[in-house]
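Colleague: I am new to this structure and would like to learn how to read its features. Could you take me through some of them?

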Amino acid sequence: MSSTRGIKGPSRSSQHLHDEIARIAEQIRGYAKSYGLDPFDTSFELIDHDELNEVAAYGGFPTRYPHWRFGMHYEELEKGYSFGLQKIYELVINNDPCTAYLMKSNSLVDQKLVIAHVYGHSDFFKNSFWFAKTNRKMLDQMANHGTRLRRYVEKFGESVVEDFLDACMSVENLIDYHSMYTPKKRKSAEPIEDLERDKEVKKIRSKEYMDRFMNPPEFVQKQRKAIEDQLARKRKLPEEPEKDVLLFLLDYAPLDNWQRDVLAIVRDEAYYFAPQALTKIMNEGWASYWHSRIMTEKVLTDAEVVDYAEHHAGTMGTQPGVLNPYKLGIELYRDIEDRWNKGRFGPDWDRCDDMQRRRNWDMKLGLGRKKIFEIRRVHNDITFIDEFLTKEFCEEQKMFTYRHNPQTNRLEIADREFEKVKEQLLFRLTNMSYPVIRVDDGNFRNRGELKLTHEHAGLDLEAREARDTLKNLFRIWRRPVHIETQSEGEGKLLSFDGERQSEETIGGE
Amino acid sequence: MVKKIEKDYSRFRSIVRGKIKKELRKYITRGELIGKVGRNLVSIPIPQIQIPHFRNGNNPGGGVGQGPGDPGDPVDGGEPGAQPGAGDMPGEHLVEVDVSLDELAKILGEELALPNIKPKGSRTIQADKEKYTGIARSGPESLRHFKRTYREALKRSIAMGIYDAENPVVTPVRDDKRYRSWKVKEIPQNNAVIVYMMDVSGSMGDEQKEIVRIEAFWIDTWLRSQYKRIECRYIVHDAVAREVDQHTFYHVKESGGTKISSALQLCREIVERDFNPVEWNIYPFHFSDGDNWGSEDTRRCIELLENNIFPVSNIFCYGQVKSAYGSGQFKKDLDEHFGREDGRIITSEIRDREGIYDSIREFLGKGK
């Protein structure tokens, strides 16, 4: 298929693949299956660092549409690699068949570890509910997006398309992460103008002299009022605040066809990537759990143990102030497995406050494996943490919350209390730590202006970026745009009308 | 194989370039760039190259971590107050981008509208070579590559199933067209020497020297882009002059009287000894606060300039940095004697850091 140009399919890749790697992959796949993993067919590509960095810069899709942001990302990666600051070992794409890129220069132990890790991801992609709605032919889809965008660039000019793309990317995070799973019964979008046209009261047809009797004025009056009311309600657009701002823009912004398509592409890709962000801890934890088991129980030769251990420890390393999703994930799975093996759950366990009994609690249920497989199928990071993070785990893992101390101007450990840690963690995970923003009114002030509302949850918007984002939003909406938010406890309406930024204080609540 | 990312990468670079251009004045007046020169690259912080989003501000920033420590212990391990990349605005987003000095010079040239220098001397062979090396999808019709275009059109019409072997008419559409593209190669073959002279007498303070330093950096950057080979010599003087290395030039602190003529005399000696004006483009730059030891010495300076320095130099530049103690008399004297229109000398007054930008334009704007 021409749309997959640039991606080497499994048949061609086997030419590139060292026979050795192919053999190892097959072997590891066997082990993975013996543990009950159920990965997609996975093809491995061995590529050099510059190619791998290129693929990574495109978010895993070498055929992705052109944009300078990817070039910027590439520079970062290349610099990081050449200065020895960072190295990507592998990149795995949620697609069926699954594609994984391996760095050619990895040592053989590294390759084994990475292949085992990839099968963990591949299983997760295939079986996690949160990925169920993603496009499994995304490699093709991305290539199509790329082709369409390149066509627009040729037709309308690079800077025109780029400007618009910049604007779309500026609002790409304004999607409803959960809408994929709860299809909304949105009424078909009825443009306001259509309603305006139907404003005339439908009269009963009659001869002119009879009209007064057939359609008495009071009746006509009442009908008109009813229509007006309905119109007023309809005019409130959206009828309910809409979190999928991009969808709203697609439906109602006065865009040219190509612009609508570009916006749709950006939205499409945002939704494709969203589950990976929703399950970062779970997904990395799962892959790490399995590479660790497969490697230590099946694959490693005596000579390889030390190298493996060093690599694994590097991946699991924690830095103060940074939460390592690999580490948190793998430890949680292990903790859960242990608890369900020993029956440390349920009301009896919860009620027991005899420390001695708790320490020796083992009902020999052996349900651990089953439990973690169930968890990887249904949970996302938020529910995972919410349900399985325990006080004991927090203590064992030495978790803490930190905050910025303005006096010393540094980050300091604030608390080790379980409730606080959990709350802070969940807060960080909510909405990918993006602010919650909804379209509130698409006909603000009855002038077709767009008003968003920021659901303030303790953190103000980054003001300077918010203003620039409004400017970008204006390029899409083409009428004045506003966002209602709070700044230092005061209600604010930030606006951009095409020329001027403004900020007005609105009534406190 | 040209990688696909190269195109996005160069697009990114050109945006960076535009950003730098827009804010060039700001960068020029900042001394910190010079400290960041390494391997002919400068790291330049670029504001807002990242695409803005609605994001949470980091006001009561915090999060969850893992590891030992008691409440109150710092988690970053850094020094207190060591906030990296402190801009003057909170929450400003800066990306550090490496820019080559060549590119910087080009931006400088474009933004200040600096004319390219016309080198003098017999060895001014400026070879421009255009080579048609590639194929592009757009270009002027005169460069259309017929064969390639035809081939594309043929491919497309076969693919579309409209090719008729009986009546093989192939009509190219816009998408099919291919054009020759070219690269220009320049081979400048000139040498230049810059002789920097600075008054380091007591009245030249640290700020004045910093201004000279910044200005010299930019002049250097520009001239380097214009000549293949550049040498720099440094002279400091108070009542006597001596030749020093670059580091000393910027850091030395002397005190005492000021005899500008001593520096000019030394400059003349250096040039006569090392640089044949037939082969070299010679740029003497002198910076001082304008104080000189009496009108007798000033007269001596003018003689030296007239008889020994002007004849061998492309241009003589005098930059007068304003200081609290300097009288600023020297520039006045020079201007009175030579007039503002003398093509052999440029004088410029640099009031403060903000003035550097305009001063560079004055010095380099003549294309000499």
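Colleague: At what angle do helix α3 and helix α4 of chain A pack?

Modeller: This is a predicted model, so every value here is computed from it. Helix α3 (residues 49–57) of chain A packs on helix α4 (residues 68–82) of chain A at an angle of about 140 degrees, and their axes are 8 Å apart. That angle makes α3(A) oblique to α4(A), since only angles over 145 degrees count as roughly antiparallel. The crossing of α3(A) past α4(A) is right-handed.

Colleague: Which residues of α3(A) and α4(A) meet?

Modeller: From α3(A) come A:H49, A:D50, A:N53, A:E54, A:A56 and A:A57, and they meet A:F70, A:H73, A:Y74, A:L77, A:E78 and A:Y81 of α4(A). Sorted by class, this contact has 6 nonpolar, 3 polar and 3 charged residues.

Colleague: How do α5(A) and α13(A) lie to each other, oblique or roughly parallel?

Modeller: Start from the angle. Helix α5 (residues 108–127) of chain A and α13(A) pack at about 135 degrees, with their axes 8 Å apart. The two helices are therefore oblique to each other. α5(A) passes α13(A) in a right-handed crossing. By class, the contact of α5(A) with α13(A) has 11 nonpolar, 6 polar and 3 charged residues.

Colleague: What is the angle between α8 and α9 of chain B?

Modeller: Helix α8 (residues 260–274) of chain B and helix α9 (residues 294–309) of chain B cross at roughly 20 degrees, and their axes come within 8 Å. Angles under 35 degrees count as roughly parallel, so α8(B) and α9(B) are roughly parallel to each other. Their crossing is left-handed. On the α8(B) side the contact includes B:I260, B:L264 and B:C267, and on the α9(B) side it includes B:C301, B:L304 and B:L305. The residues of this contact divide into 7 nonpolar, 3 polar and 4 charged.

Colleague: How should I read a salt bridge, and which residue pairs with A:R293?

Modeller: Side chains of opposite charge can pair when their charged atoms come close. Here the side chains of A:R293 and A:E297 meet in a salt bridge, at 3.0 Å from N to O. Both residues lie in helix α13 (residues 280–299) of chain A, 4 residues apart, which is about one turn of the helix. Over all chains, the structure holds 51 salt bridges.

Colleague: How many salt bridges are there between chain A and chain B?

Modeller: There are 5 salt bridges between chain A and chain B. One pair is A:E465 with B:R55, whose closest N and O atoms are 2.8 Å apart.

Colleague: How much area do chain A and chain B bury between them?

Modeller: The two chains bury about 5,800 Å² between them, with 52% of it on carbon and sulfur atoms. On the chain A side, A:W68, A:R410 and A:R464 lose the most area to chain B, together 13% of what that side buries. The contact takes 74 residues from chain A and 55 residues from chain B.

Colleague: Now the backbone. Which residues does the cis peptide bond join?

Modeller: A cis peptide bond joins A:D96 and A:P97, with omega about 0 degrees. A:P97 sits in the loop between β2 (90–93) and β3 (98–103) of chain A.

Colleague: And is phi of A:K398 positive or negative?

Modeller: Phi of A:K398 is near 55 degrees, a positive value in a residue other than glycine. A:K398 is in the loop between α20 (391–396) and β4 (399–405) of chain A.

Terms used: Residues are numbered from 1 along each chain as its sequence is written. Chains are lettered from A and ligands numbered from 1 in the order in which they are written. This is a predicted model: local features need pLDDT of at least 70, side-chain atom pairs count only at pLDDT 80 or more; totals for chains, interfaces and linings use all residues. Side-chain values use heavy atoms; hydrogens and water are left out. Axes are lines fitted to C-alpha atoms, for helices over the stretch in contact, and angles run from 0 to 180 degrees between N-to-C directions. Angles under 35 degrees count as roughly parallel, over 145 as roughly antiparallel, 65 to 115 as roughly perpendicular and the rest as oblique. A crossing is left-handed if the near helix is turned anticlockwise from the far one by less than a right angle, and right-handed if clockwise. Contact means heavy atoms within 4.5 Å. Ala, Val, Leu, Ile, Met, Phe, Trp, Tyr, Cys and Pro count as nonpolar, Asp, Glu, Lys and Arg as charged, and the others, Gly among them, as polar. Buried area is the accessible area (1.4 Å probe) that two parts lose on being put together, summed over both. A salt bridge is a side-chain nitrogen of Lys or Arg within 4 Å of a carboxyl oxygen of Asp or Glu.
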